[in-house]
Amino acid sequence: MDFSFQDLSGTFSVADIAIAMALSFVLSAMIGWVYRATHRNVSYSQSYVQTLVILGMLISLIMLVVGSNIARAFALVGALSVVRFRNAIKETRDVGFIFLVMGVGMAVGTRFYLLGIVAAVAISLIIMVMSRFNWFQLNVRRQVVKVQVPSDEDFTASIQDVLIRHTDEFELVSMESIRAGALMELMYTVKIKKGSEPADLIAALRERNHGQSVTVLTGYDQTDL
């Protein structure tokens, strides 16, 4: 009994469909686990990882449907162009994982099974190694300092004098008028000197800004007085 399907894209059997769906699921799920294991920020989304798995299988299905039919490929592009996605990608590496599952799905859907397996395993191993050994990490600890000062005087020189004593380098990022013009908020990026703590910097700045608010942002931690 013949279970193969013949159309303009060529011939594929029930076995081809089963292999493509199963393999794309396994490889996409593996990539999802790699993403979960190497994710370090607070923006992790279970929905995003599940979408990676669905996307890998969906691309594999699309490639089976399109096959080598150019007209069908252009029709598919036109149909998908009406779809609009409004969810913002939180991290650039998330885009890389999307393209990874798409590439694997395309390879499996066009029945390059070995290529899909080797690419998924090799790239996943590279991601794990980069995550494990912190490749390309920049060992520069920087903080953001926000200082509020009365707007009726120029406090720039006195604030910078404190920053010179407590930081290795600093840069003025922005100046903003707040509280209906009563205060000015100065924002700096700084690199605090070794042996100096954010609390020391805050105390020194508060001596110069008449007791107004001083905020030091260090990574995800915030010290505010």
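Student: How many bridges pair strand 4 with strand 5, and in which sense do the strands pair?

Tutor: Two strands pair if DSSP finds at least two bridges between them. Strands (E, at least two residues) and helices (H or I, at least four residues) are DSSP runs, numbered from the N terminus. In this predicted model, strand 4 (residues 167-178) pairs with strand 5 in the antiparallel sense over 10 bridges. Leu172 stands opposite Tyr188 in strand 5, and Thr167 stands opposite Ile192 in strand 5.

Student: What lies between strand 4 and strand 5?

Tutor: The two strands form a hairpin with 4 residues between them. Arg179, in the turn, has a positive phi of about 50°.

Student: Which strand is joined to strand 5 by 8 bridges?

Tutor: That is strand 3 (residues 143-150), which runs antiparallel to strand 5 (residues 183-192). Within this pairing, Val147 has Leu186 of strand 5 as its bridge partner.

Student: Before we turn to the helices, what should I know about the model itself?

Tutor: The model is predicted, so local features need pLDDT of at least 70 and side-chain atom pairs count only at pLDDT 80 or more, whereas totals for chains, interfaces and linings use all residues. Residues are numbered from 1 along each chain as its sequence is written, and side-chain values use heavy atoms, with hydrogens and water left out.

Student: At what angle do helix 4 and helix 5 pack?

Tutor: Axes are lines fitted to C-alpha atoms, for helices over the stretch in contact, and angles run from 0 to 180 degrees between N-to-C directions. Helix 4 and helix 5 (residues 113-132) pack at about 160°, with their axes 7 Å apart. That makes helix 4 roughly antiparallel to helix 5. Angles under 35 degrees count as roughly parallel, over 145 as roughly antiparallel, 65 to 115 as roughly perpendicular and the rest as oblique.

Student: Is the crossing of helix 4 and helix 5 left-handed or right-handed?

Tutor: A crossing is left-handed if the near helix is turned anticlockwise from the far one by less than a right angle, and right-handed if clockwise. For helix 4 and helix 5 the crossing is left-handed. Residues making the contact (heavy atoms within 4.5 Å) include Phe97 and Leu100 of helix 4 and Gly116 and Ala120 of helix 5. By class, the contact of helix 4 with helix 5 has 10 nonpolar, 1 polar and 1 charged residues. Ala, Val, Leu, Ile, Met, Phe, Trp, Tyr, Cys and Pro count as nonpolar, Asp, Glu, Lys and Arg as charged, and the others, Gly among them, as polar.

Student: How do helix 1 and helix 4 cross?

Tutor: The axes of helix 1 (residues 14-38) and helix 4 (residues 92-109) come within 9 Å and cross at roughly 160°. These two helices are therefore roughly antiparallel to each other, and their crossing is right-handed. Among the residues in contact are Leu23 and Ile31 of helix 1 and Phe97 and Val104 of helix 4. The contact of helix 1 with helix 4 comprises 11 nonpolar, 3 polar and 2 charged residues.

Student: Which residues meet where helix 6 packs on helix 7?

Tutor: Ile159, Val162, Leu163 and His166 in helix 6 meet Asp200, Leu201, Ala204 and Leu205 in helix 7. Helix 6 (residues 156-166) and helix 7 (residues 198-206) pack at an angle of about 155°, with their axes 10 Å apart.
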